[in-house]
Amino acid sequence: LAQAAAAHPPPPRRSDRRPAAPERAAGPSAQRQRQQAMKRGRGGRSGGKLKMSLGCGVATLMNCADNSGAKNLYIMAVRGIGGRLNKIPQCGPGDMVLCTC
């Protein structure tokens, strides 16, 4: 039995079986990808992202000031808002909304 045990090496440990993680390349293409990902929320403009406060939420009742004949607008939905549990979709100037009059 002693000869048979000496002929076979011990099984490799868990850390020995895992291959080494490849190092990330920090070349110009990787930097370009990072810059494109950072610009995604700014519409391609450089500089800081300007934040506008959102004043109206869903279920807001507002006055209508045009010649359509509607007097009050009730906001039912905001376009482009994905949604989150217990968070009311908000909108600001320039956002497209679905309203009833």
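Predicted model: local features only at pLDDT ≥ 70, side-chain atom pairs only at ≥ 80, totals over all residues.
Me: Which strands are joined to β3 by bridges, and how do they run?
Reply: Strands (E, at least two residues) are DSSP runs, numbered from the N terminus, and two of them pair if DSSP finds at least two bridges between them. Here 3 bridges join β2 (residues 61–63) to β3, the two running antiparallel; M62 has L73 as its bridge partner in β3. Another 4 bridges connect β3 to β5 (residues 97–100), also antiparallel, with I75 opposite C99 in β5.

Me: Is Y74 buried, partly exposed or exposed?
Reply: Buried means under 20% relative accessible area, exposed over 50%, and partly exposed in between (1.4 Å probe, protein chains only). Y74 belongs to β3 (residues 72–78) and counts as partly exposed because its relative accessibility is 36%.

Me: Where does I81 lie, and what does I81 contact?
Reply: I81 is in the loop between β3 and β4 (90–91). Contact means heavy atoms within 4.5 Å; leaving aside neighbours within four places in sequence, I81 touches P89 and Q90. I81 and C91, 10 residues apart in sequence, are separated by 9.0 Å from C-alpha to C-alpha. At 42% relative accessibility, I81 is therefore classed as partly exposed.

Methods
Residues numbered from 1 in each chain as written. Heavy atoms only, no water.
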